[in-house]
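Here is a short note to read beside the model. Please keep the structure open as you go through the points.

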Amino acid sequence: LAQLDALLALGKAALCQAVALAFDGDVAEPDRVFAATLLLGCTAERAWLNILCERAALACSRSPPEAAAAVEGLSLAPRGDLGAALAPWLGEADPRLRASAVRVLGFRGELAERDWQRALQDADAGVVLAAARAPLHAYDARACESALLPLLGRASESLTRAVLRAGATLRSPALHAQARRCTQADGAWAQACLSMAMHGDLGDVALLRSVLHSPNWRDGVAAAACLGAAALVPDLLALQGAAEQAAMAQERASIVAALAAIGGESFAVAAHAADAGCRWRAIAHRFDASRRWRAGAPLDAATLLRQLAGDSGTRDERARLCVELRAMCAQRLPRFSPHAFVATQEADLRRIAQLLEGSRKVVVEATP
């Protein structure tokens, strides 16, 4: 941000040079595309907006890496008129521009629900996938569910994964049922068992246990950690023992991480499955089977908020936490994205915390 301030202070000549360096006609430079796109998105003059849209369109049409860089820069750019300038891309003949517009406008909260619905019906698979991944917190939940369900008939793993995850953010019973069906058929397909677990329904324990005892058990491990069911700890311990005997170091590490995610850090330091089993037998009585658990404590919205407010975890992991939080809360929560600037994430988390605290007080005060 300090570099952006310095370049803007240098004026027109510096901006022209940044544009010339970033958008090379022959060589793809995604990092430079991102930097120049964000830089131009921090200007106020109309002329720079026209240049920004022209060069960003070129990047989005050239290669996926440059398109991703341009989309990220446009998404983070603070210009208030940028959304209106990009809206015409939704009607462009080039599907790469349509998909980019859906991604940018969705991130910025400027994608109208009617435009989102149209994007879901687009003839291009990339546009449909971009729409399926868009934030849905500001849209009508029932309308979203009705629009997303028909997409599951398409044979695309990435689209199926996006739709099933969207179902968790919507708290959709119909899409939860679809996630269960996909898990029964093949839990590894589109990470179906993980999407199912994100709904947080302990009624899925038996189905998830069947995944842990199937050839797809690796996918079941991550899902078990997400669901946080103490009833699955013995199954994970058995898998840990089998992984140790087979000298499967990477698989063992993921199982240990899942055990720690449910039962606490003491499982992460247990030397062997036998030690972990002894540890579990000593503390199992503390874990209520009717509750979900995270790191040895009951899992609730406050726990997920603390994890999101922490400084660890990849963007994908934080995005999954956000899905879990939306699935857990009856309220429609405000926007949050792990791709936003840190200060924006902190402000959004404070708004979510205030909303949840206010709702809790209302419930408590209304209780006799």
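1. A salt bridge here is a side-chain nitrogen of Lys or Arg within 4 Å of a carboxyl oxygen of Asp or Glu. Keep in mind that this model is predicted. Glu 66 and Arg 62 form such a bridge through their side chains, at 2.6 Å from N to O. Glu 66 is buried, because its relative accessibility is 2%. Arg 62 has 30%, so Arg 62 is partly exposed.

2. Look next at Asp 81 and Arg 79. Their closest N and O atoms lie 2.9 Å apart, in a salt bridge. Asp 81 is partly exposed, at 29%.

3. Glu 244 and Arg 252 make another salt bridge, with the closest N and O atoms 3.0 Å apart. Glu 244 is partly exposed at 26%. Arg 252 is partly exposed too, at 21%. Elsewhere, salt bridges with shared partners link Arg 292, Arg 294, Arg 320 and Glu 324 into one network. The whole structure has 17 salt bridges.

4. Now the helices. Helix α2 spans residues 12-22, and helix α3 spans residues 30-40. They pack at about 150°, and their axes are 9 Å apart. Angles over 145 degrees count as roughly antiparallel, so α2 and α3 are roughly antiparallel to each other. Their crossing is left-handed.

5. Which residues of α2 and α3 meet? From α2 come Leu 15, Ala 18, Val 19, Leu 21 and Ala 22. From α3 come Arg 32, Val 33, Ala 36, Leu 39 and Leu 40. By class, this contact has 9 nonpolar residues, 1 charged residue and no polar ones.

Definitions and conventions. Residues are numbered from 1 along each chain as its sequence is written. This is a predicted model: local features need pLDDT of at least 70, side-chain atom pairs count only at pLDDT 80 or more; totals for chains, interfaces and linings use all residues. Side-chain values use heavy atoms; hydrogens and water are left out. Axes are lines fitted to C-alpha atoms, for helices over the stretch in contact, and angles run from 0 to 180 degrees between N-to-C directions. Helices (H or I, at least four residues) and strands (E, at least two) are DSSP runs, numbered from the N terminus. Angles under 35 degrees count as roughly parallel, over 145 as roughly antiparallel, 65 to 115 as roughly perpendicular and the rest as oblique. A crossing is left-handed if the near helix is turned anticlockwise from the far one by less than a right angle, and right-handed if clockwise. Contact means heavy atoms within 4.5 Å. Ala, Val, Leu, Ile, Met, Phe, Trp, Tyr, Cys and Pro count as nonpolar, Asp, Glu, Lys and Arg as charged, and the others, Gly among them, as polar. Buried means under 20% relative accessible area, exposed over 50%, partly exposed in between (1.4 Å probe, protein chains only).
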